[in-house]
Amino acid sequence: MSEKENLIYVNGKFVPQGQACVSVFDHGFLYGDGVFEGIRAYNSRVFKLKEHVDRLFDSAKAIDLNVGMTKEQMSEAILETLRVNDLTDAYIRPLVTRGNGDLGLDPRKCAKPNVYIIAKYWGSMYGDLYTTGLKAVTVGVRRVAPDALPPNIKSMNYLNNILAKIEANAKGADEAIFLDNCGRVAEGSGDNIFIIKNGVVYTPPTIGNLKGITRATAIELLQEAKIPVKVEEIGIFDVYTADEIFVTGTAAEAAPVVYVDGRTIGTGKPGPVTLDMVKRFEKITQTTGTPIQK
Ligand code: PMP
């Protein structure tokens, strides 16, 4: 079955995906010099649109990149991309690159940014694993240090994450768990991590990992459920000895982890706090958000 030709937003115009091309001189392509977001729409609404657009602009600010449009214009462009593609449930990928320059890395050579928005249907990332749980491994490659490239910037330089994923794939795992240079648990290759011990939920602070929007939602949902949640550094010992673990991300949503490095977590089945989180997360995504239609 041939895939539907979606319309892609390219610098203010909608272009059929087969013709939506990036210049080889785009510094996003040449150097990973750009920022992006991953957003989901559910049931005709965009979940946490404002938070994602804010983070996109914060990422841009951190790399001294002027997006060249307002947040309102960006939000409208995202909604319009969904409308022209008749999408009610989708994964949305806005990207802002430094723009087209020359072969040197100097960003001053790029006159204006390029803005692309891709929106496509993308169902659940982990399928049956939401009920059975993921197998995760810690990886040898460390999360890039915040004083080298702050992981809070959602930049187009994702090689650190890809190296982690390659290692996880080679070890037959569903997801990688990154440690930082001091051996503290940072995050997954594309998600934040939560562990549960004796009824308390712990998640690491976000100096060395992405300030996940799903992470923030999960913390809100836990507070609403009156489950104590602490933002605190965690080590690998805490992971191995946790009663439950789940990861959160826009693509991954809320997903249970039941094995780490061959250790069974809790009973080896998703635990009650995690299952409740999966349910609450599904409810909030189905019932809140910015309506796509005007
Ligand atoms: N960490 C990394 C490295 C990610 O790529 C993502 C996905 N954006 C997350 C965490 C989760 O962030 P969010 O919940 O905002 O999607």
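**Entry 1: the largest pocket**

How do the residues of the lining of the largest pocket divide into nonpolar, polar and charged? I found 10 nonpolar, 11 polar and 8 charged residues in that lining. For these classes I counted Ala, Val, Leu, Ile, Met, Phe, Trp, Tyr, Cys and Pro as nonpolar, Asp, Glu, Lys and Arg as charged, and the others, Gly among them, as polar.

I record here that the model is predicted, that local features need pLDDT of at least 70 and side-chain atom pairs pLDDT 80 or more, and that totals for chains, interfaces and linings use all residues. Residues are numbered from 1 along each chain as its sequence is written, and side-chain values use heavy atoms, with hydrogens and water left out.

I worked on a 1 Å grid over the protein atoms alone: a pocket is an open set of points with protein on both sides within 12 Å along at least five of seven lines, a cavity is a set where a 1.4 Å probe fits but cannot get out, and lining residues have an atom within 4 Å of a point. Points are joined across faces, edges and corners, and a volume is the space filled by probe spheres set on them.

The largest pocket holds about 560 Å³ of space. I counted 29 lining residues, and those nearest the centre are Lys-154, Tyr-158, Ser-189, Gly-190 and Asp-191. Two or more residues each come from β6, α5 (159–170), β10 (185–188), α6 (213–224) and β14 (244–249). Helix α5 gives the largest share, 3 residues. I took helices (H or I, at least four residues) and strands (E, at least two) as DSSP runs, numbered from the N terminus.

**Entry 2: the second largest pocket**

I next looked up the second largest pocket, which has about 330 Å³ of space. Its lining has 17 residues, with Tyr-42, Ser-124, Glu-253, Glu-282 and Gln-286 nearest the centre. The elements that give two or more residues to this lining are β4, β15 (253–260) and α8 (272–287). The largest share, 5 residues, belongs to α8. By class I noted 9 nonpolar, 4 polar and 4 charged residues in the lining of the second largest pocket.

**Entry 3: strand β4**

I then traced the partners of β4, where two strands pair if DSSP finds at least two bridges between them. Strand β6 (residues 90–97) pairs with β4 in the antiparallel sense over 3 bridges, and Tyr-91 is the bridge partner of Arg-40. Strand β5 (residues 45–46) also runs antiparallel to β4, joined by 2 bridges, with Arg-45 as the bridge partner of Tyr-42. The hairpin of β4 and β5 has 2 residues between the strands, and Asn-43 takes a positive phi near 50 degrees there.

**Entry 4: the cavities**

I counted 2 cavities of 30 Å³ or more. Which residues line the largest cavity? They are Arg-40, Tyr-42, Phe-47, His-52, Ile-213, Thr-214, Thr-250 and Phe-281. Strand β4 and helix α6 each give two or more residues to this lining. The volume of the largest cavity is about 60 Å³, and its lining divides into 4 nonpolar, 3 polar and 1 charged.

For the second largest cavity I noted about 40 Å³ of space. Its lining includes Asp-243, Glu-244, Pro-256, Lys-269 and Thr-274. Strands β14 and β15 give two or more residues each, and β15 has the largest share, 3 residues. I found 6 nonpolar, 2 polar and 3 charged residues in this lining.

Helix α6 has 12 residues and reaches 17 Å from its first C-alpha to its last, close to the 16 Å expected at 1.5 Å a residue (1.5 Å times one less than the number of residues). Its buried residues include Ile-213, Thr-214, Arg-215 and Leu-222. Just after α6, Lys-226 takes a positive phi of about 60 degrees.

I also looked up Arg-55, which lies in helix α2 (residues 49–62). Arg-55 is buried, with a relative accessible area of 10%. Leaving aside residues up to four places away in sequence, I found that Arg-55 touches Glu-37, Lys-154, Leu-210, Lys-211, Gly-212 and Ile-213 (heavy atoms within 4.5 Å).

Terms used:
Buried < 20%, exposed > 50% of the residue type's maximum accessible area, 1.4 Å probe, protein only.
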